[in-house]
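The sequence and the structure come first.

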Amino acid sequence: MHVTGIRVYQVDLPIAEGSYDWAGGNSYEAFDSTIVRLDTDEGVVGWGELSTLGTAYLPAFPRGARAGIEELADTVLGADPTQPAVLAERMDRRLRGHPYVNYPTLLRSGR
């Protein structure tokens, strides 16, 4: 089995309480979520997600994650998703120090 396609979606997930506020005037009304879909040559589809509270909360902000996933695309395409440890090692070598990018990209599969 091999990864044949990667799709990345941005989805705003509303905060149930209306907003999340904290010191320094930072406030968010939704989580900026990144959804990753991997397709395989055998018809298996895998999904991953990264959801952060915005750019002020974590250095691993959503746009950076999406840019990192784009950077990793050629590393993931053609890889065997049934070997997640091997795939994680390949991604870590390609994009060091950014596990928030690598691990949502790992296949969580179902038929």
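## A buried charged pair

In this predicted model, Asp 32 has a relative accessibility of 19% and therefore counts as buried, the cut-off being under 20%. Its salt-bridge partner is Arg 66, with the closest N and O atoms 3.0 Å apart. This pair links distant parts of the chain, since Arg 66 belongs to helix 1 (residues 62–76) and Asp 32 to strand 4, 34 residues apart. Arg 66 is likewise buried, with a relative accessible area of 19%.

## Other salt bridges

The count of salt bridges comes to six. One of them joins the side chains of Asp 39 and Arg 7 at 3.6 Å, N to O; because Asp 39 lies in strand 4 and Arg 7 in strand 1, the pair ties together parts that are 32 residues apart in sequence. Asp 39 is buried at 12% relative accessibility, whereas Arg 7 is partly exposed at 41%. Arg 7, Arg 37 and Asp 39 are linked in a network of salt bridges.

Between Arg 94 and Glu 71 there is a salt bridge whose closest N and O atoms are 3.0 Å apart, and this pair connects helix 2 (residues 84–94) with helix 1 across 23 residues. Arg 94 is partly exposed at 35% relative accessibility, as is Glu 71 at 40%.

Thr 40, in strand 4 (residues 30–40), is buried at 8% relative accessibility, and its side chain reaches the backbone nitrogen of Val 44 at 2.9 Å.

Leu 13, located in strand 1, is partly exposed at 31% relative accessibility.

How values were computed:
Residues are numbered from 1 along each chain as its sequence is written. This is a predicted model: local features need pLDDT of at least 70, side-chain atom pairs count only at pLDDT 80 or more; totals for chains, interfaces and linings use all residues. Side-chain values use heavy atoms; hydrogens and water are left out. Helices (H or I, at least four residues) and strands (E, at least two) are DSSP runs, numbered from the N terminus. Buried means under 20% relative accessible area, exposed over 50%, partly exposed in between (1.4 Å probe, protein chains only). A polar contact is a pair of N or O atoms within 3.5 Å; within protein, one must be able to donate a hydrogen and the other to accept it, and residues adjacent in sequence count only if both atoms are side-chain atoms. A salt bridge is a side-chain nitrogen of Lys or Arg within 4 Å of a carboxyl oxygen of Asp or Glu.
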